[in-house]
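Reader: Please pick one part of this model and go through it closely. Give the cut-offs behind each term as you go.

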Amino acid sequence: MTIGVRASSRPLWRQPWMINSLVTVASVLVCLLLLPSRIPGMELLGVTPHWLLIWVVAWSIKRTQWEAALAGLVLGLLQDAMTAPDPTHTLSLIVVGVLTARLQKQRYLQEDIVSVALIVFAMAVIAETVLALQISFDQLLSANSLYPPLGRIWMYHQRVALSSAILSSLWAPALYYPLNRWWDRYPAEP
């Protein structure tokens, strides 16, 4: 008598874990495509919603800190590949992922739309602050920096952080709700 693993009669592309992986990757690709788009009504003071940040928050709510950090790393690298790598978006998305996962572990967080919108608001401000800190350090440490003086950097940061936080938190339910329902219904384990 041999003990073997029962092979599934379904083809690989119809396995639940494969479909879940494809939906997850497709949602990231949609966010990447929405990131540079300027759709009328989705722009405030020249700033659009930070779709990758919303995705990282949605992912990190029910994941460990390591999974959240990995998601932030991958999405940050993808965003840096689409834009300039300096300042890096990777650091800010890793911070967002880890902080969101820590909120869930501390049980400060409920999983309703209002809580998610508030978390996205706070995380957008944190992400923009991390970017502004990177720009400030470059301006301070580099003699031939292309960035403006510190006062202008932080004045611009206030406007961008607030605009990004407002728009991202308003659009967060549109991304969070369908992804969360999908991930609840079809867990990632094979």
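From patch to pocket

Author: L44 is partly exposed, with a relative accessible area of 33% (buried is under 20%, exposed over 50%, partly exposed in between; 1.4 Å probe, protein chains only). The model is predicted, so local features need pLDDT of at least 70 and side-chain atom pairs pLDDT 80 or more, while totals for chains, interfaces and linings use all residues. Numbering runs from 1 along each chain as its sequence is written, and side-chain values use heavy atoms, without hydrogens or water.

L44 sits in the loop between α1 (16-34) and α2 (51-60) (helices are DSSP runs of H or I, at least four residues, numbered from the N terminus). Together with L45, F121, L162, I166, L170 and W171, L44 makes a nonpolar surface patch of about 620 Å² (members have over 30% relative accessible area and no salt bridge, and nonpolar side chains are joined within 5 Å). Helix α6 (residues 150-185) gives the most to this patch, 4 residues.

α3 (65-82) and α5 (113-141) each supply at least two. The volume of this pocket is about 720 Å³. Of its 25 lining residues, H89, E128, L131, Y156 and V160 are the closest to the centre. By class, the lining has 14 nonpolar, 8 polar and 3 charged residues.

How values were computed: Patch = residues over 30% accessible without salt bridge, like charges linked within 9 Å, V, L, I, M, F, W, Y side chains within 5 Å. Areas by Shrake-Rupley, 256 points an atom, 1.4 Å probe, with all protein chains shown as cover. Salt bridge = Lys/Arg side-chain N within 4 Å of Asp/Glu carboxyl O. 1 Å grid on protein atoms, 1.4 Å probe; cavity = no way out; pocket = protein on both sides within 12 Å on 5 of 7 lines; lining within 4 Å. Points joined across faces, edges and corners; volume = space filled by probe spheres on them. Nonpolar A, V, L, I, M, F, W, Y, C, P; charged D, E, K, R; others polar.
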